[in-house]
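Reader: I would like to learn to read a model like this one. Where do we begin?

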Amino acid sequence: DKAGRDGALIDVRRMDEFLENVKRREVVVQAGGNVGVYPAYLAKRFQYVHTFEPDPENYACLVKNIVICEGNIRTYNAALGAEEGVCGVSLEVADNCGTVRVNGDGNIPMRTIDAMELPACDLIWLDIEGYELQALKGAEKTIEKFWPAIIIEDARHHNYPVPLTEKHGIAPGAATEWLHERGYFFMFSRGGDRMFLSSAVP
């Protein structure tokens, strides 16, 4: 990897700006675990971290890189989606391991957040290359129960010829619209990440 490392180090320095707006720090679900930089950082700030990374090579690196953490990270070599099942993955940019996206048929498990039946959920952080809407649909019950802070990637931030959402048949901005329909409001953005908070939380 040549491009992903620098991007990850820049992103992780911005994380505390988002976390200042997360009052409860019990459980975070983070997808796009990559090689472990993001979940390792979150593990210092939350009691429990659930991190998802569908790419087997990235996942192997993630598992090795979090051994120095305090044991409060649960890892899943899986993607997040609207339904339980399986999927394939592909690398969008050859020299950037952070551009893995869901792509058609395969043998990678696809999970839903709702199926986890979490006892709490304070933050959902999705950086999954245009598949955020599907992951949110698979978390609808969890969201309506806990109203967590939600961070999604804006797929239009990248200079790809075609917006990543469109490669999944999803219109750009659909995830934002889905959140607005459920009473979430846009807080702010840094880089390609957009934070939303629920109006149901005082």
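Author: Begin with contact: heavy atoms within 4.5 Å. This is a predicted model: local features need pLDDT of at least 70, side-chain atom pairs count only at pLDDT 80 or more, and totals for chains, interfaces and linings use all residues. Residues are numbered from 1 along each chain as its sequence is written, and side-chain values use heavy atoms, with hydrogens and water left out.

Reader: Which residues is His50 in contact with, leaving aside its neighbours within four places in sequence?

Author: Val27, Val28, Val29, Gln30, Arg74, Tyr76, Met116 and Leu118. His50 itself lies in strand E2, residues 48–52. Strands (E, at least two residues) and helices (H or I, at least four) are DSSP runs, numbered from the N terminus.

Reader: Why does His50 count as buried?

Author: Buried means under 20% relative accessible area, exposed over 50%, partly exposed in between, with a 1.4 Å probe and protein chains only. His50 counts as buried because its relative accessibility is 12%. Across the protein, buried residues make up 53% of the 202 residues.

Reader: How do I read the sheet around E2?

Author: Look for pairing: two strands pair if DSSP finds at least two bridges between them. The open sheet has seven strands, in the order E3-E2-E1-E9-E10-E12-E11, and its pairing is mixed. Its edge strands are E3 (73–76) and E11, each pairing on one side only. On average, neighbouring strands are turned by 15° against each other, direction ignored. The axes behind that angle are lines fitted to C-alpha atoms.

Reader: How many bridges join E1 to E2?

Author: Five, and the two strands run parallel. E1 covers residues 27–31. Ala31 has Phe52 of E2 as its bridge partner.

Reader: Now a helix. Which residues of H6 are buried?

Author: First the general idea. An α-helix has 3.6 residues a turn, so residues three or four places apart point the same way. In H6 (residues 174–181), the buried ones are Ala174, Ala175, Thr176, Trp178 and Leu179.

Reader: What covers the buried residues of H6?

Author: The cover includes helices H4 (132–137) and H5 (140–146). It also includes strands E10 (149–153), E11 (184–190) and E12 (193–198). After H6 comes Gly183, with a positive phi near 85°.

Conventions
Axes fitted to C-alpha atoms, helices over the stretch in contact; angles between N-to-C directions.
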